[in-house]
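Dear colleague,

Please find below the structure that I am handing over to you.

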Amino acid sequence: MQCYLTDGRGLDTLRLADRPAPVDLADHEVLVRVQAVSLNYRDLLVADGRYGGPQDPPIIAGSDLAGVVAAVGRHVTSLKPGDRVVNAPFRCWPAGSLRRDWAATFVGGQGVDGVLAQSVVYPAAALGICPPKLTPSEAATLPVAALTAWAAVVTHGRTRPGEWVLVHGTGGVSLFAAQFARLAGARVALSSAHSSKADWARQELGIEHTFDYRDADWPRDLRRATGGGVDVVVEVAGGPSLHQSLQACRYGSRVAVIGVLAGTESQINVFDLIRHQISMRGIYMESTEEFHSMLSALASSQIRPIVDRVFPWSDVPAAYRYLQAQQHIGKVVVDVESGHIN
Ligand SMILES: NC(=O)c1ccc[n+]([C@@H]2O[C@H](COP(=O)([O-])OP(=O)(O)OC[C@H]3O[C@@H](n4cnc5c(N)ncnc54)[C@H](OP(=O)(O)O)[C@@H]3O)[C@@H](O)[C@H]2O)c1
């Protein structure tokens, strides 16, 4: 079986390797023939050693798969060969709050093998049925990006119709957040450093307000444009952006702190939080229970994941570099099937 390995010492060290195909399944495990894998900003961090440091020994890269069940363990009743599945990003986080032992089961980092492989063994309880209308490339975008957006907008954001939701940039998490916000009947403000991407988001996703996050005055302008501020923030940038997003909030808003695109250190004005009674919550994806809820919502919605580009199996390093260049809109995907021999 072919797979891509990373040792966390830089993108240049990402390499194609052969590993024995998995054979023995434990009672509650499933063998998945992988069709597609989507890449996340996190995968860049892992390959670069900025997420858990060097991986010694090297691990299989990647976090998000869509595939077909090839075989099931003796006690698996929820899935059967032929089912199309996607993986929850934690091999074990059934429901409720995350625990330390479950946190160590996040795939594709911190010593845990990922899914950028032709076959993957996964616990049956952490697999969900793929929404039928989605292609493998579309379905592969759901595990990390869509679940994180769902956690921010739905699970913890509790977004209501008519509210304003702020998302930053046109990457994977943000565009899913914009789509879930629209599904909830909310209005969306989106920032981008590219006017062409902002125009695309207005036309294709019904985004009402766009601005450039590099403009220093954007929080004031956004408060004006939204008649007092936003209700929900999907903060994927961190760093100085968190302080600015808090300034764009109205009373009682909910801020999901998710990412570090602008840095890991933030200086915030405590009075911004106090005066406006803002709730801030760190998001680290969500449980399998929430993953199933999200898959049900997607199956009955018109939402289609935004796939920017699909790379063949032979071009995985190029796919990583393309994601790193931040020219994409939405998600970057690897067609794993293109590497299967039959
Ligand atoms: N905590 C969690 O559970 C969790 C889960 C998933 C992701 N994350 C984190 O969330 C962040 C986004 O992940 P992703 O996979 O969606 O990334 P991505 O697809 O690579 O998104 C990159 C986009 O973000 C925008 N961006 C870049 N720098 C920015 C800045 N300083 N301020 C605002 N926007 C900026 C750019 O959009 P434009 O080109 O339009 O400007 C860029 O194209 C990462 O930090 C990732 O580690 C966290």
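In which loop does Gln277 lie? Gln277 belongs to the loop between α9 (270-275) and β14 (279-282). Before I go further, please note that this is a predicted model, and the values below are computed from it.

**Backbone features in the loops**

Gln277 is a residue other than glycine with a positive phi, near 50°. It counts as exposed, because 11 C-beta neighbours fall inside 10 Å and the limit for that class is 12 or fewer. Arg158, found in the loop between α4 and β9, also has a positive phi, in this case near 45°. With 13 other C-beta atoms within 10 Å, Arg158 is partly exposed. As background, most residues other than glycine have a negative phi, and most peptide bonds are trans. The peptide bond that joins Asp56 and Pro57 is cis, with omega at about 5°. Pro57 is placed in the loop between α1 and β4.

**Overall architecture**

The secondary structure of the protein consists of eleven helices and 16 strands. The radius of gyration is 20 Å, close to the 20 Å that the globule rule gives for 342 residues, so the protein is as compact as a globular protein of that length. Along the principal axes, the C-alpha atoms fill a box of roughly 60 × 40 × 40 Å. Of the 342 residues, 49% count as buried. Among contacts with a separation of 6 or more, 70% are made by residues 24 or more positions apart.

**Domains and their contact**

Two domains are assigned: domain 1 (2-144 + 286-339) and domain 2 (157-282). Nine residues from domain 1 and nine residues from domain 2 take part in the contact between them. The side of domain 1 that touches domain 2 comprises four nonpolar, four polar and one charged residues. The centres of the two domains, taken over C-alpha atoms, are separated by 28 Å.

**The ligand shell**

There are 31 residues around the ligand, and those that come nearest are Gly169, Gly171, Ser192, Gly259 and Ala262. The elements that give two or more residues to this shell are α1 (41-47), α4 (142-155) and α5 (172-183). Of these, α4 provides the largest share, with three residues. By class, the shell divides into 16 nonpolar, 13 polar and two charged residues. Why is the ligand described as lying between the domains? Domain 1 and domain 2 both give residues to the shell, so the ligand lies between them.

Strand β1 (residues 2-6) pairs with β2 in the antiparallel sense over four bridges, and Cys3 stands opposite Ala17 in β2.

Ile59 has its place in strand β4. Is Ile59 buried or exposed? It is buried, because 23 other C-beta atoms lie within 10 Å and the class requires 20 or more. Apart from its neighbours within four places in sequence, Ile59 is in contact with Leu5, Thr6, Gly111, Val112, Asp113 and Gly114. Ile59 and Gly8 are 51 residues apart along the chain, and their C-alpha atoms are separated by 8.7 Å.

**Strand β12 and its partners**

Six of the six residues of strand β12 (residues 230-235) are buried, so this strand is largely enclosed by the rest of the structure. Strand β9 (residues 164-168) pairs with β12 in the parallel sense over three bridges. In that pairing, Leu166 stands opposite Val233 in β12. Strand β13 (residues 249-257) also pairs with β12 in the parallel sense, over five bridges. Here the bridge partner of Val233 is Val255 in β13.

With kind regards

How values were computed:
Residues numbered from 1 in each chain as written. Predicted model: local features only at pLDDT ≥ 70, side-chain atom pairs only at ≥ 80, totals over all residues. Near = placed C-beta within 6 Å. Nonpolar A, V, L, I, M, F, W, Y, C, P; charged D, E, K, R; others polar. Domains from an automatic or database assignment. Pairing = 2+ DSSP bridges. Contact = placed C-beta atoms within 7 Å. Rg over C-alpha atoms; globule rule 2.2 N^0.38 Å.
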